[in-house]
Amino acid sequence: MGRQGVGTVPHSLIAAYGGNTVLAATKFADWAPEDLNVTVLVDFENDSVETALDVARALGPRLWGVRLDTSENLVDRSLLNEMGDFRPTGVNARLVRKVRDALDADGFERVKIVASGGFTAEKIEEFEQAGVPVDAYGVCSSLIRGQNDFTADVVMTDGRPSAKVGRTFRANPRLELVA
């Protein structure tokens, strides 16, 4: 492609580190080649503003961006006291602006914001027209035709719950343990 790579710390890595986004991000950054733009998902605990700040403080200049991926069924904790005049679920303009403002106020103006989760061409156009400060969009699911959207979230690790907020273990009699 002729561009620098971007590596996103996945939810599964955060789950593997007991839900500790900062620890997972640090381990990922230690592993990643220096020329990889490290991007960290910051929605695991459903507190994107605080997690973005914690990750930025821990990784410093190694952090390229934070990725907002709040489920369309959840309201990020940072928005709970502001609900009433906008649709608060998922990745919305108010959430993006709160993360941007918090990063800027803490000296992390150079950290990029990636928005994903439910983004379509129409939603991107809406964000762009409103001047929402997003640097990049993740659109994977919108590229799939039909109802084939699927995630394979880690919800149990060594028999213990380890899912991100909004996910949970659901027994499935069709699955069997592979050793």
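Okay, definitions first: helices are DSSP runs of H or I with at least four residues, strands are E runs of at least two, and both are numbered from the N terminus. With that, the elements of this protein read β-α-α-β-α-β-α-β-α-β-β-β from the N terminus on. That comes to 5 helices and 7 strands.

Quick housekeeping. This is a predicted model, so local features need pLDDT of at least 70 and side-chain atom pairs count only at pLDDT 80 or more, while totals for chains, interfaces and linings use all residues. Residues are numbered from 1 along each chain as its sequence is written, and side-chain values use heavy atoms, with hydrogens and water left out.

Now the overall picture. I'll call a residue buried under 20% relative accessible area, exposed over 50%, and partly exposed in between, using a 1.4 Å probe and protein chains only. By that rule, 41% of the 179 residues count as buried. The protein exposes about 10600 Å², and carbon and sulfur atoms supply 51% of it; those areas come from the Shrake-Rupley method with a 1.4 Å probe, and for residues only the protein chains shown count as cover. A contact, for me, is heavy atoms within 4.5 Å. If you take contacts between residues at least 6 apart in sequence, 58% of them join residues at least 24 apart.

On to the core. By nonpolar core I mean a set of buried Ala, Val, Leu, Ile, Met, Phe, Trp, Tyr and Cys residues joined through side-chain atoms within 4.5 Å. The largest one has 41 residues, and Val40, Val66, Val99 and Leu103 touch the most other members. Among the elements giving two or more residues to this core are helix 1 (11–16), strand 2 (37–41), strand 3 (63–68) and helix 4 (93–105). Which element gives the most? Helix 3, with 6 residues.

Zoom in on Val99. Leaving aside neighbours within four places in sequence, Val99 is in contact with Ser48, Val49, Ala52, Val66, Leu68 and Ile113.

Now look at Leu95, which is found in helix 4. Leu95 is buried, at a relative accessible area of 0%. Not counting residues up to four places away, Leu95 touches Ser48, Leu68, Thr70, Asp76, Ser78, Leu79 and Gly90. Take Ser48 from that list: Leu95 and Ser48 are 47 residues apart in sequence, yet their C-alpha atoms are 8.1 Å apart in space.

Next, helix 2. Here Thr21, Ala24, Ala25, Phe28 and Ala29 are buried. They sit on the same side of helix 2 because they cover an arc of only 130° around the axis, the arc being that of the directions from the helix axis to the C-beta atoms. Over on the other side, Asp30 and Trp31 are exposed.

Helix 5 can be read in a similar way. Its buried residues are Lys123, Ile124 and Phe127. Their arc is only 100° around the axis, which puts them on the same side of helix 5. Ala121, Glu122, Glu126 and Gln129 are exposed on the other side. And what do the buried residues of helix 5 pack against? Helix 4 and strand 5 (136–137). After helix 5 comes Gly131, with a positive phi near 70°.

Then the aromatics. Rings of Phe, Tyr and Trp (its six-membered ring) pair if their centres lie within 6.5 Å; planes under 30 degrees apart count as stacked, over 60 as edge-to-face, and the rest as tilted. The whole structure has 3 aromatic pairs. One of them is Phe28 with Trp31, a tilted pair at 5.4 Å centre to centre and 50° between the planes. Phe28 and Trp31 are 3 residues apart in helix 2, so about one helical turn separates them. Phe28 counts as buried at 11% relative accessibility, whereas Trp31 counts as exposed at 62%.

Phe119 and Tyr137 are tilted too, with ring centres 5.4 Å apart and planes at 50°. This pair links distant parts of the chain, since Phe119 is in the loop between strand 4 and helix 5 while Tyr137 is in strand 5, 18 residues apart. Phe119 counts as buried at 2% relative accessibility, and Tyr137 as partly exposed at 22%. Ring pairs link Phe119, Phe127 and Tyr137 into a cluster.

Last item: charges over rings, meaning NZ of Lys or CZ of Arg within 6 Å of the ring centre and within 35 degrees of the ring normal. The charged end of Lys123 sits over the ring of Phe119, 4.4 Å from its centre. Arg94 does this over Phe86, with its charged end 4.0 Å from the ring centre.
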